[in-house]
Protein chains: 2
Amino acid sequence: MTELKLDRVTLYEFHAQFCKTLADANRLLIIAELVSGEKSVSDLANSLGLHQSNVSKHLALMRERGLVDTRRDGASIYYSLSDPRIFKAIELLIQVQSDQVARRHKLAQKIR
Amino acid sequence: MTELKLDRVTLYEFHAQFCKTLADANRLLIIAELVSGEKSVSDLANSLGLHQSNVSKHLALMRERGLVDTRRDGASIYYSLSDPRIFKAIELLIQVQSDQVARRHKLAQKIR
DNA sequence: TGGTTATATGAGTATATGGCAATATAATCA
DNA sequence: TGATTATATTGCCATATACTCATATAACCA
């Protein structure tokens, strides 16, 4: 009983970690950039206006957690989404969020 | 140009906040409990073995961000999912995550 | 080999987050 | 009204996170 509960918590911690990986605006921006194809660290740093070390750290985290793959070409390292459904999943979340915002807006109008 | 970029960042911060709301094991557990119908704070605290104040805080956060609705009945307050697709979205994320883990496992086997 | 470019990593700092304990607010009931 | 139950809120602490700067590692080229 307790054993089963612990397992369930562990499982949910695992899923929560995945959500945490998506729970950063810069990482979402990076993922969005990668939808159109692989990009190097400096590509991303330039297009997003972020520090190279910052981007590198975000990519390292996403790599650790299996969201992106890497390919070295000379001195550059190219990052790509390991699964295009990552972006689909994010889009669905965004859709739900947008609908909620719309619903709350309507509700606020009714009250007013 | 800069204006547009700022807007994009702001938008992604908004989406990141939504992901953050899901990025906690106990909140995911609460959401999973609510799939089967509305529950009071103490219901949730008991079934998950969490402190009442802890559950209350998590629910307040989820309510602020529109994930749950509330209904008062006497002294109790019942929480419910504001949109069942929240759980669907989480399930999709979990699916992607599971596939990634499976793929990495296969890869590890090949290397070994 | 030395210089340059690309990426990764470590140190330090500021902020955010989750948890617990204690207290406050609110509703019920005797 | 006073006691009880249910929920919310506040203060505090420990930990985690993101960021910047500086430095290390790695590949390339003259």
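This is a short chat about reading a few features of a predicted model.

Colleague: What should I know before I start?

Modeller: Residues are numbered from 1 along each chain as its sequence is written, and chains are lettered from A and ligands numbered from 1 in the order in which they are written.

Colleague: Is A:Arg71 buried, partly exposed or exposed?

Modeller: Buried means under 20% relative accessible area, exposed over 50%, and partly exposed in between (1.4 Å probe, protein chains only). A:Arg71 has 38% relative accessibility, so it counts as partly exposed.

Colleague: Which side chain makes a polar contact with the side chain of A:Arg71?

Modeller: A polar contact is a pair of N or O atoms within 3.5 Å; within protein, one must be able to donate a hydrogen and the other to accept it, and residues adjacent in sequence count only if both atoms are side-chain atoms. Here the partner is the side chain of A:Glu38, at 2.5 Å.

Colleague: Which residues are closest to DNA strand D?

Modeller: A residue is near a strand if one of its heavy atoms lies within 4 Å of it. For DNA strand D, 23 residues surround it, and the closest are A:Asn26, A:Arg27, A:His58, B:Ser42 and B:Tyr79. Sugar and phosphate make up 65% of the DNA strand D atoms that come within 4 Å of the protein.

Notes
This is a predicted model: local features need pLDDT of at least 70, side-chain atom pairs count only at pLDDT 80 or more; totals for chains, interfaces and linings use all residues. Side-chain values use heavy atoms; hydrogens and water are left out.
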